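Subject: Structure handover

Hello,

Here is the structure we talked about. Please open it and keep it in view while you read the notes below.

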Amino acid sequence: MFELTKDHEDFRQVVRQFAETEVAPHVEKWDAESYFPTELIPKMGELGLFGLVVPEEYGGAGMAEEGAFTYLCLAIEELGRVDQSIGITLSAGVGLGINPILTYGNDEQKQKWLPDLVAGNALAGFGLTEPDAGSDASGTRTKASLENGEWVVNGAKSFITNSGTDITSCVTVTARTGTRENGKPEISAIIVPSGTPGFTVEPAYRKLGWHISDTHGLTFENCRVPESNLLGGVGEGYKQFLKTLDDGRIAISALAVGLAQACLEQTTQYAKTRTAFGKPIGAYQGVSFQIADLQVMVEAARVLTYKAAWLKDEQEAGRRSMQEVKKAASIAKLYSTEAAVTATRIATQVFGGNGFMEEYPVARFYRDAKILEIGEGTSEVQRMLIARGLGLEG
């Protein structure tokens with residue numbers, strides 16, 4: 001059975017110190033200004049955070065035999081404990097930027113893109129969601145046709161993380177490249193370098209939360225890239241992004257654990273120092289019981305998340321099936337993200353009027369939480385997948 005080792009916990013402390021010294025002092029200002037801290041990314045690269053799942057030959061840590069994905073989740077949790085935007089920057093940078101190229105790219109593509117991504121000199125995005133294709137990703141309308149040795153891409157993508165930073169090097173885009181015999185679309189994945197003519201990064205979204213995270217819509221108008229930019233084979237894009245989303249669900253679970261942990265720590269401290277009617281508010285069961293519930297939610301979410309991460313590492317080592325990972329990922333994602341949303345509501349309530357003030361972190365936590373139930377597959381999609389695993393096809 002899985003458990004976190006001393007090496008895991010030592011690594012957690014390294015990332016926690018980084019988050020508290022390099023991130024925490026700045027997040028209030030960054031959040032207020034919706035500022036993406038480009039200067040932080042190379043520092044994360046120097047710490048090795050972008051290379052945890054990448055072999056040494058491409059600049060990574062070469063930790064595949066040591067449970068690399070669990071280490072990545074620990075890093076995401078600790079960054080997310082301080083700020084969710086920075087946590088998702090790492091999560092998307094690895095899971096959506098690096099992993100598709102690492103998993104499905106040929107050696108030439110890996111050598112071209114991965115070293116800079118691993119070093120934190122560049123970021124990459126993953127263009128899946130569209131204005132009319134979210135949960136139903138098979139409804140992709142973006143098209144790519146092969147003309148004279150080039151893919152010509154036309155369409156639009158929505159809500160794409162790390163797609164418009166000053167150091168974004170490319171976006172992997174899913175597009176319809178034909179129609180299968182059964183009438184369903186043939187979807188392929190194509191690497192589109194930043195700055196390619198016809199590739200436009202739309203203005204940043206005005207978001208409820210994740211103000212520090214970089215998020216844009218993308219449009220493609222007769223955007224031409226070399227035929228060699230195809231990732232994997234023609235028509236393999238649908239299979240590729242399904243696996244990418246499975247991994248991403250575990251990473252989002254870790255991000256949610258970090259948020260719930262932050263709420264627990266903040267409310268516990270506040271309940272010990274804030275007084276009402278002559279006593280600390282934590283002395284009243286109306287408050288203390290809510291914080292006790294937080295403790296239970298954090299522990300349960302963490303166990304589900306790291307069981308899923310462990311299964312992912314075991315599957316990579318050939319000891320567990322992909323189906324086990326899929327099931328555990330959906331369970332962890334559903335519980336952890338809904339627990340995180342509840343945790344921020346409890347934290348805001350415990351803080352009372354102060355919880356509604358932006359100078360207190362719980363206000364930012366409250367804004368940042370909701371997207372966790374939506375990204376990488378909504379709660380409804382997770383329930384559908386879990387039910388399907390029980391033989392309840394519906």
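A residue is called buried when its relative accessible area is under 20%, exposed when that area is over 50%, and partly exposed in between. Keep in mind that this is a predicted model.

Start with Lys326. This residue sits in helix H9. Its relative accessible area is 29%, so Lys326 is partly exposed. Now find Gly282. In sequence, 44 residues separate Lys326 from Gly282. In space, their C-alpha atoms are 40 Å apart.

Next, go to Ser336. Helix H9 covers residues 322–351, and Ser336 is part of it. Is Ser336 buried or exposed? Ser336 counts as buried, because its relative accessibility is 1%.

Last, the record. An unreviewed UniProt entry places the feature "domain: Acyl-CoA dehydrogenase/oxidase C-terminal" at residues 235–390. Over residues 235–390, the chain is 76% helix and 3% strand. The end C-alpha atoms of this stretch are 29 Å apart.

Best wishes

Terms used:
Residues numbered from 1 in each chain as written. Predicted model: local features only at pLDDT ≥ 70, side-chain atom pairs only at ≥ 80, totals over all residues. Heavy atoms only, no water. Helix = DSSP H or I, 4+ residues; strand = E, 2+ residues; numbered from the N terminus. Buried < 20%, exposed > 50% of the residue type's maximum accessible area, 1.4 Å probe, protein only. UniProt positions renumbered as here; feature names shortened; annotations may be inferred.
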